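Here is a note for a colleague who is meeting this structure for the first time. Please read the points alongside the display.

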Amino acid sequence: MSVTRRNPRVERLAIAGTGGILALALVLPLAALALTTTRVSLATALSHPLVWPALRLSLLTTLVSLTLVVVLGTPLAWTLARSRSRLARTVETLVELPIVVPPAVAGVALLLAFGRHGVFAGVLYPEGTSLAFTTAAVVLAELFVSAPLYLQAANAAFRRVDARFVVVARSLGASPLRVFVRIALPLAAPSLVAGAAMSWARSLGEFGATLMFAGNLQGVTQTLPIAVYTALESDLGVAQALSVLLMLVALLLLLLARAALSRAEAAP
Amino acid sequence: MKRRALVALGLAIVQAALPGCEREPRNTGAPEREVVVFAAASLQDAFTTLAATFESRHPGVDVKLSFAGSQQLRTQIEHGATFDVFASADEMNVRALVRSSLVGQPSTFAENEPVVVVAPGAASIVGAFADLPLADRLVVGTQDVPIGRYTLEILDRASTERGPDFRSKVESKVASRELTVRQVLSKVALGEAQAGVVYRSDALGAMDRVRVVEIPKQHNVVARYPVAIAARAPHPALARAWVDLLRSAEGRSALEQAGFRTPEEE
């Protein structure tokens with residue numbers, strides 16, 4: 001058997017090239033969207049009456065849902081990551097399920113649960129009232145589809161927290177809350193930020209569940225993705241320009257998250 | 001340098017994959033084996049029935065049905081989708097395709113009529129068309145889709161008789177402007193909304209969950225469904241046969257069973 005020395009550059013290129021196929025598949029459609037949108041059509045679209053109420057509503061609702069996801073999701077993920085019980089494993093699986101449920105199905109599920117004649121109507125609020133068609137419904141739909149992404153990231157991050165730190169801290173008298181806040185959170189922070197960014201991006205693009213559960217009313221439930229879809233029914237040009245706008249907003253958010261992440265990683 | 005090499009490699013791979021992509025069909029004169037029908041979503045029930053009829057009459061032929069909103073189908077056609085027949089729920093989208101010479105002359109094969117559907121719990125509130133302003137929550141189509149445009153037209157017509165503020169009174173009760181007729185219907189059927197405006201053909205499939213309230217003749221509009229054959233249809237003979245089937249007694253009875261009206265023979 002002879003040992004042949006291959007050119008390392010060629011091998012590196014082969015690996016990168018194989019991966020490049022996927023990168024192309026992801027980037028080409030977005031590039032086409034951006035390249036075929038002229039400055040004029042973008043300007044026209046930005047002055048379209050659908051745009052600003054939708055953008056404002058999108059930012060508002062995703063900020064609220066993100067806050068809820070982080071404030072409620074972080075303790076849940078910590079609990080699930082620390083627990084060894086079978087119940088915890090079951091809950092872990094159940095709360096990740098919304099990732100694979102098609103968004104329109106999620107919308108139907110939300111209606112059936114929290115709608116006027118929903119299973120839990122009458123328990124949660126007086127019979128005959130409903131969240132449907134309100135801005136709160138938009139937030140709930142976004143929460144439903146985006147929280148699993150954060151939970152998954154946070155769970156993985158907390159599992160990587162060295163158990164010895166926790167044991168030592170507890171034996172030195174630190175309360176569980178103090179261990180959570182002073183040890184687990186700082187150690188997991190970079191991954192938590194990354195998870196929150198993914199979760200935010202997902203809720204910004206959320207469409208199917210919102211349309212089904214919250215409906216489509218300008219200024220109340222019409223988010224940017226729903227405005228895009230509404231415009232798509234009449235004017236592809238406007239829809240396209242709106243999509244570019246949505247893409248830019250998402251890009252900005254992801255870049256911000258990335259910057260926060262690299263700063264967190266650089267910190268000692 | 002490295003980046004350029006990567007781009008070149010990527011492009012080479014894309015090019016290598018291209019022959020697998022869809023090509024412009026060639027008409028070879030060989031017997032046609034399939035016909036591709038693009039149809040508005042509301043035609044789903046009737047066309048599925050008729051596809052079975054068509055296939056039994058033309059053994060060995062496969063009817064490929066593609067259902068979506070008329071506007072979506074038009075966008076697909078404008079971007080080069082291959083099809084033989086386009087049946088639309090409104091005339092606007094077909095007219096645009098005629099202008100750009102993508103389809104031949106259209107003909108109307110069915111008519112549909114908007115009706116009000118009322119949720120079971122709201123029957124005592126909305127008993128007639130004139131009661132619409134009394135409801136708390138209505139859903140209609142957005143004005144970007146045909147049913148939404150028809151709804152506004154109906155409200156405008158009603159306003160000339162019932163007072164100029166009839167339309168604004170009704171619109172102030174609108175809780176959502178849905179993107180498809182089916183979504184209007186499902187929100188009424190679930191009881192989320194008290195009433196909405198849909199086509200009779202849609203209401204027909206939900207008679208166990210909603211009550212139909214007629215819109216007075218003098219206010220109502222007629223939605224005409226045109227059908228046209230693709231200018232460059234890969235299977236022109238079968239396309240012709242499909243259009244003929246729609247206008248035959250069998251076609252008309254399938255459409256009528258699905259809640260459509262069929263225009264008189266010219």
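The points below take up chain B and then its interface with chain A.

1. This is a predicted model, in which local features need pLDDT of at least 70 and side-chain atom pairs count only at pLDDT 80 or more, while totals for chains, interfaces and linings use all residues. Residues are numbered from 1 along each chain as written, chains are lettered from A in the order in which they are written, and side-chain values use heavy atoms, leaving out hydrogens and water.

2. Chain B has 10 helices and 10 strands, taken as DSSP runs (H or I of at least four residues for helices, E of at least two for strands) and numbered from the N terminus. Of its 266 residues, 50% are buried, meaning under 20% relative accessible area with a 1.4 Å probe, protein chains only.

3. At the interface, 29 residues of chain B are in contact with 24 residues of chain A, contact being heavy atoms within 4.5 Å. The area buried between the two chains is about 2500 Å², with carbon and sulfur atoms giving 65%; this is the accessible area (1.4 Å probe) lost on putting the two parts together, summed over both. On the chain B side, B:Asp144, B:Leu179 and B:Glu192 lose the most area to chain A, together 25% of what that side buries.

4. Between the chains the count is 1 salt bridge, defined as a side-chain nitrogen of Lys or Arg within 4 Å of a carboxyl oxygen of Asp or Glu. B:Glu192 forms a salt bridge with A:Arg116, with the closest N and O atoms 3.7 Å apart.
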